[in-house]
Amino acid sequence: MDDIADKLQKEILNGIKKRYSAVFIEHWQNPRNWGIMDGADGYGKITGPCGDTIEIALMVRDGVVDKCTFDSDGCGTTVACASIVTDMVTGRTIIGARRVTESAIVDHCGGLPDEDLHCALLAAKTLHKALDDYEEKKKEVWKKYYSK
């Protein structure tokens, strides 16, 4: 029975390798920065039309994203895209983080099948919502203490 399961698992992984890059598969199998941090400087949460939700939290120091974390209840593609976003923005300035778009995510992971592009869009929109929240809290510092 184990031989059949192992063979089937290898076949599935070989099929995935034909559709997705090594970078994407690595983030899918080993997501980075999973878990929402307390006391975030910026936070965003969006549920996409497919029903998947991504949450992103940012810690910013001197105008640079020092830490970025995520949580998701979505599919493997949504999780991988959210993980990729956290890697892409950590160490970037706020302006640089705003340049992370759906197409930048797709390029970073070596492309995605058309049916998965909405996952990259969801990750980018959630990131931008967290960046907007950071900017809003920066204007009115007291808001940080009354939000997630």
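**View 1. Tyr-43 lies across from Ala-57 of S2.** The coordinates are a predicted model, in which local features need pLDDT of at least 70 and side-chain atom pairs count only at pLDDT 80 or more, while totals for chains, interfaces and linings use all residues. Residues are numbered from 1 along each chain as its sequence is written, and side-chain values use heavy atoms, with hydrogens and water left out. Strand S1 covers residues 42-47 and strand S2 residues 53-61; the two pair in the antiparallel sense over 6 bridges. Strands pair if DSSP finds at least two bridges between them. Helices (H or I, at least four residues) and strands (E, at least two) are DSSP runs, numbered from the N terminus. The two strands make a hairpin with 5 residues between them, and Gly-51 in the turn has a positive phi of about 100°.

**View 2. Cys-50 sits in the loop that joins S1 to S2.** Its relative accessibility is 42%, so Cys-50 counts as partly exposed. Buried means under 20% relative accessible area, exposed means over 50%, and partly exposed lies in between (1.4 Å probe, protein chains only). Cys-50 and Leu-122 are separated by 72 residues in sequence, and their C-alpha atoms are 9.9 Å apart in space.

**View 3. S2 and S3 pair in the antiparallel sense over 8 bridges.** Ala-57 has Thr-69 of S3 as a bridge partner. Within S3, Phe-70 is the bridge partner of Ile-56. The hairpin of S2 and S3 has 2 residues between the strands, and Asp-62 has a positive phi near 55° there. Asp-62 is not a glycine; its place is the loop between S2 and S3. With a relative accessible area of 83%, Asp-62 is exposed. In S2, by contrast, 8 of the 9 residues are buried, so the strand is largely enclosed by the rest of the structure.

**View 4. The open sheet has 3 strands in the order S1-S2-S3, with antiparallel pairing.** S1 and S3 (64-72) are the edge strands with a single partner each, so one side of each has no neighbour in the sheet. Direction ignored, neighbouring strands of this sheet are turned by 15° against each other on average. Helix H3 packs on the sheet and touches S2 and S3; the direction of H3 makes about 170° with that of S3. Helix H6 (residues 117-139) also packs on the sheet, where it touches S1 and S2; its direction makes about 145° with that of S1. Contact means heavy atoms within 4.5 Å. Axes are lines fitted to C-alpha atoms, for helices over the stretch in contact, and angles between N-to-C directions run from 0 to 180 degrees.

**View 5. Helices H1 (residues 2-19) and H2 (residues 22-29) pack with their axes 8 Å apart, at an angle of about 130°.** H1 and H2 are therefore oblique to each other. Angles under 35 degrees count as roughly parallel, over 145 as roughly antiparallel, 65 to 115 as roughly perpendicular, and the rest as oblique. The H1 and H2 crossing is right-handed. A crossing is right-handed if the near helix is turned clockwise from the far one by less than a right angle, and left-handed if anticlockwise. H1 contributes Leu-13, Ile-16 and Lys-17 to the contact, and H2 contributes Ile-25, Trp-28 and Gln-29. By class, 4 nonpolar, 1 polar and 1 charged residues make up the contact of H1 with H2. Ala, Val, Leu, Ile, Met, Phe, Trp, Tyr, Cys and Pro count as nonpolar, Asp, Glu, Lys and Arg as charged, and the others, Gly among them, as polar.

**View 6. H2 and H3 (residues 76-89) cross at roughly 100°, their axes coming within 8 Å.** The two helices, H2 and H3, are therefore roughly perpendicular to each other. On the H2 side, Phe-24, His-27 and Trp-28 meet Gly-76, Thr-77, Ala-80, Ser-83, Ile-84 and Asp-87 of H3. The contact of H2 with H3 has 4 nonpolar, 4 polar and 1 charged residues by class.

**View 7. Asn-33 lies in the loop between H2 and S1.** Asn-33 is not a glycine, yet has a positive phi of about 60°. Its relative accessibility of 31% is why Asn-33 counts as partly exposed.
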